[in-house]
Amino acid sequence: MERSFFARNPSTLIFITILAVFTLGVTLLSEGLGVDVISTSMVKTLGKTLCLCLIAIAMDLVWGYCGILSLGHFAFFGLGGYMIGMWLMYERTKAIVVSATAGAPLPPTPQEIRDGIGTQIFGVVGGAEIPPIWYFADSLFAQLALVVLIPGLLALVFGWLAFRSRVTGVYLSILTQAMTLALSLYLFQNDSGLRGNNGLSGLQNLPGAENVPQSLISIYFLWASAAALALGYLLAAWIVGGKFGSVIRGIRDDEARVRFLGYHVEGYKLFVFTVTAIIAAIAGALYYPQAGIINPAEIAPIASIYLAVWVAIGGRGRLYGAVIGAAFVSLVSTWFTGGQAPDIPLGFYTVKWVDWWLVLLGLSFVAVTLFAPKGIGGLFDMLSGRLAPQRHGADLGPDQGSFREKEAEQ
Amino acid sequence: MTRTVILALRAALFWLMAAIAVNAQSPIQDLLQENRAAVEKASRKTIDGVIDELLASGLPQTREVLAKWREKEIWQRKEDGLFFFAKPLPNKNIQLFDIETGDPVGEFDKKAVKQLKPNSGVRSVIATALVRYQLTDPDPRKRAEGLRAIERGPEASHLAALRAAFEGEDDPALLARKQRLERLLTISYDEDSAARVAAIESFTGDLGVDARAALNPLTSTTRKAAAELPTNANIKAVIKPGTARLSRDQAYALLVAAELAPARITAAEKKDALIANIVEGSVAGTPIHTLDTDAARTQAYATLAAAGTVPAEVTAADVDAALAAHVFFDQYDEPDANVTDAAQEALTSISTKVGVNQMFDLALDGLSLASIYFLAAIGLAITFGVMGVINMAHGEFIMMGAYTGYVVQQVIPDYTVSIIVALPLAFAITFAAGVAMERLVIRWLYNRPLETLLATFGISIALQQLAKNIFGTQARPLTSPAWLDGALVFNDVVSISYIRIAIFVLSVIFLFLLLFVLNKTRLGLEVRAVTQNPRMAASMGINPDRINMLTFGLGSGIAGIAGVAIGLYAKVTSELGADYIVQSFMTVVVGGVGNIWGTLLGATMIGSLQKGIEWLNPSNTLAAQTYMIIFIIIFIQFRPKGIIALKGRAAGD
């Protein structure tokens, strides 16, 4: 008899329970709906962290399960943010322009409103025209569709080109890094139509919800992020749970062998790459309204490498590992760089964590790679007493199932 | 009676002069005295005659007199009206000197003498006259200075002075400059059309900026509109409105500017007119809340116009009629058609030649950029290409090299010596860092390339932050020695700075050094053996661990030297290396992994491609980089293994 999905994936149920409890707890302690223990900015930080956990799941799918070390997933994250940001900024500016012209002797024509919006948004980059890529910016549904479509199409085209010519391993990593670099450089231009290095700002203000306080909006976004994370986790667990998951793990461990067994490896990789890009884009679309601003620096190559760092520290090849890694590293990072961590006086020199946190992160990352390839997630194995099967040679891969004969021989 | 008195006075004056002047006969003094009134009350209009006479006299003192006059250093003695050079003394008296001999004449009270104060117009006339002297000065430096002055601010009056200064010029370089300048001035100021055309034609294909500066104003045009084409004007072309060169709106704006047609009512004016005519919540009977479309506003305005309250709107038919009734043309500002034709032709030939030279310049730029990429990537080509190890900290090794150069310059103030010290020191430091990294980290990860990438990235961010903590976030200067300042100038278009040449030379040296090390030495042999088959190499008595360590150290050391070179022309910051890392990886990947020639080809391709794209869109280097990366992504589609792909077992896979 086929066991149910949750019976096969007990961690899913545990994860969703913890997530629900967490969300409920934050809501009850929040400023907007609860007893005002957690400030609105902290709620926003937690909501953003949930979005980062979601993109970490995407990264884990594509890297931990499929073996594609993509250093470009933040490009999709940023694109998702830009797509929703265009609607937010356009509608909000429209509201400002309309209210500004309300007292004028003549009611404004549609053209005058459009000109006003153009001047408001693009005056900062020396323009007044609304570029064609903003064509759908007045429609929420169109922009929501674009959140999925644009990054999805980019991933599809890029992945098709890359996988078709069998670019693998580190070459693919460098190619994805080049892609995200190209995209961020393009967006840095003033005439890219997305306000150059100013980016899109004021995204925390929801059009049509001017009377709702930020403390409430932050809670709504926390819920939305939690829901998206839960759905993303379920989707990822479902994808890796079945036969499909076995195939992509097989591709990770020995691509050539899977190909000789008759599977269309490129199709599988392309599917995983595109789906994870879409998950990343949705995470970005939820992240940036909470962050309030998006600019091209967000999608610089370094961001995507940090993503890989989170997943590696959390533990590749297990979905909860990615979530733990993203949440742990980004929250600790906020704590250290936010100036809350106490300085360590050494007598001759005071270690200020704002300056030294990155050094610590870099070195601990090296240590994790060297000594604990399973990351934090490996602790759960020790707790549950699950051991890797005894094989000749050291444990090589991040996943129990992975066994690289080629490596073991060498 | 009066006449007799004047004559007598004059005679007395001459007698007095002869008596007082020590050297009685002074031709220049005589000349000045003859024109005394004009000299005393010099004005721009009257001065020309005096100066011409002075110049015509050919007296040797003329020049000094003119120079002193201009500097307000000529004084007049009130008692006899004679002119003297003068110098105010500390005791407020004035020391006078004879203008003929320069001998001191004596001290006089300030009230006994009067200073000549020519106004600025007079001074500039004198200055022009002096140019002739400057151009024929015995000192070649003075002559060159005079030429420079004319080049900076040419005037019509300089032309004659220049032509007169050819004779006796013994310096061939200066003579050539004079002749060139004379031709340039002829173009701008000569009266004779044929002479100007000849001068213009002599500049055909000339690359000098000055030639273009002289020719361009001749071909400047003004766009005009008229009812009929003027017959006497020098017209470049007649333009039809509604074409790409002249849109209908622009054409109508020309008519309005020439007051040949009434101005159109803009949307803003229309709106203002409507607002001005609001009566009890409606305009011309239309309630204002309905005026939220352009059509409604036009309608309301038409009603107002019909009532005569506002000027009628210019309709599309009016515009059509106005455009049809007039001609539009570009008229040369220069009236002489022969001159403009010749200038146009000369400019065309110049721009062709400039284009060719720009291509050459671009090729030099591309080559220079390629050598920088090559230098940055060659270390990576060894570690990544030969060993298969991804070193994300490679950029930070470049940065370490640059900071080494900076620190050395703080200790050794002499720039030349400090560079000579910094190059090997940077190599030593980054070599040590590379060996340490290989021993501590990379050795454990040889079978996990993706994890090597991440571990070295961890080192990279740690090193970058460390550099920020030590040196701060602001850019540090790495100054090049004085003999590397400046540029090798071929002509006004093609030039390349010496630093870039030095970097090019450095990269060529490293190319051959590496080729030599890898192909001709024992170490190179062992490196190649370990690369191809480590276990077989080990069984032949080679220690793969040692070779890997040395190879990695070598690659890192070269990164350090590249850092010094890059630091010389870019500012040293902690992000210096990160700026080059992606380009370096792409250079290696495009060139083909594991091959130094491949890296060379990859660097040449990426460098020249980037410059080429920048040339197509010079205002936007960001776009150039974007397009280049897209090109590389597409290029990888067709040659996934790079330009030079290893074949057979060495390719691994």
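Predicted model: local features only at pLDDT ≥ 70, side-chain atom pairs only at ≥ 80, totals over all residues.
1. K142(B) lies in helix α7 of chain B, a segment that runs over residues 140-152. Leaving aside residues up to four places away in sequence, K142(B) touches Q134(B) and D137(B).

2. D36(A) has a positive phi of about 60 degrees although it is not a glycine. Its place is in the loop between α2 and α3 of chain A, and D36(A) is exposed, with 12 other C-beta atoms within 10 Å. In chain B, phi of E259(B) is near 55 degrees, again a positive value in a residue other than glycine. E259(B) is found in the loop between α12 (248-257) and α13 of chain B; with 8 C-beta neighbours inside 10 Å, E259(B) counts as exposed.

3. T23(A) is found in helix α2 of chain A, residues 10-29. T23(A) is buried, as 21 other C-beta atoms lie within 10 Å. Its contacts, not counting residues up to four places away in sequence, are L222(A), W223(A) and A226(A). T23(A) and A227(A) are 204 residues apart in sequence, yet their C-alpha atoms are 9.6 Å apart in space.

4. The largest nonpolar core has 202 residues, and those with the most contacts inside it are I55(A), A56(A), I57(A) and A308(A). Helix α3 of chain A (residues 40-65) gives the most to this core, with 16 residues. A second, separate core has 51 residues, among them V39(B), A42(B), W75(B) and L215(B).

5. What does A56(A) touch, not counting residues up to four places away in sequence? The contacts of A56(A) are L307(A), W310(A), V311(A), G314(A), A322(A), V323(A), G325(A) and A326(A).

6. Helix α5 of chain A (residues 110-122) has 13 residues and reaches 18 Å from its first C-alpha to its last, close to the 18 Å expected at 1.5 Å a residue. Within α5(A), I117(A), I121(A) and F122(A) are buried. They cover an arc of only 95 degrees around the axis, which puts them on the same side of α5(A). The buried residues of α5(A) pack against α4 (73-100) of chain A.

7. A helix of chain B may be set beside this one. The 21 residues of α25 (residues 596-616) of chain B should span 30 Å at 1.5 Å a residue, and the end C-alpha atoms are 30 Å apart, which agrees. Helix α25(B) is mostly covered, since 15 of its 21 residues are buried.

8. Where the chains meet, 44 residues of chain B are in contact with 44 residues of chain A. On the side of chain B that touches chain A, α13 (267-276), α19 (449-471), α24 (576-591) and α26 (621-638) of chain B each supply at least two residues. The largest share, 14 residues, comes from α19(B). By class, this side of chain B has 30 nonpolar, ten polar and four charged residues.

Terms used: Residues numbered from 1 in each chain as written. Chains lettered and ligands numbered in written order. Core = buried A, V, L, I, M, F, W, Y, C linked by C-beta atoms within 7 Å. Buried ≥ 20, exposed ≤ 12 C-beta atoms within 10 Å, placed from the backbone. Helix = DSSP H or I, 4+ residues; strand = E, 2+ residues; numbered from the N terminus. Contact = placed C-beta atoms within 7 Å. Nonpolar A, V, L, I, M, F, W, Y, C, P; charged D, E, K, R; others polar. Expected span 1.5 Å × (residues − 1). Arc of directions from axis to C-beta.
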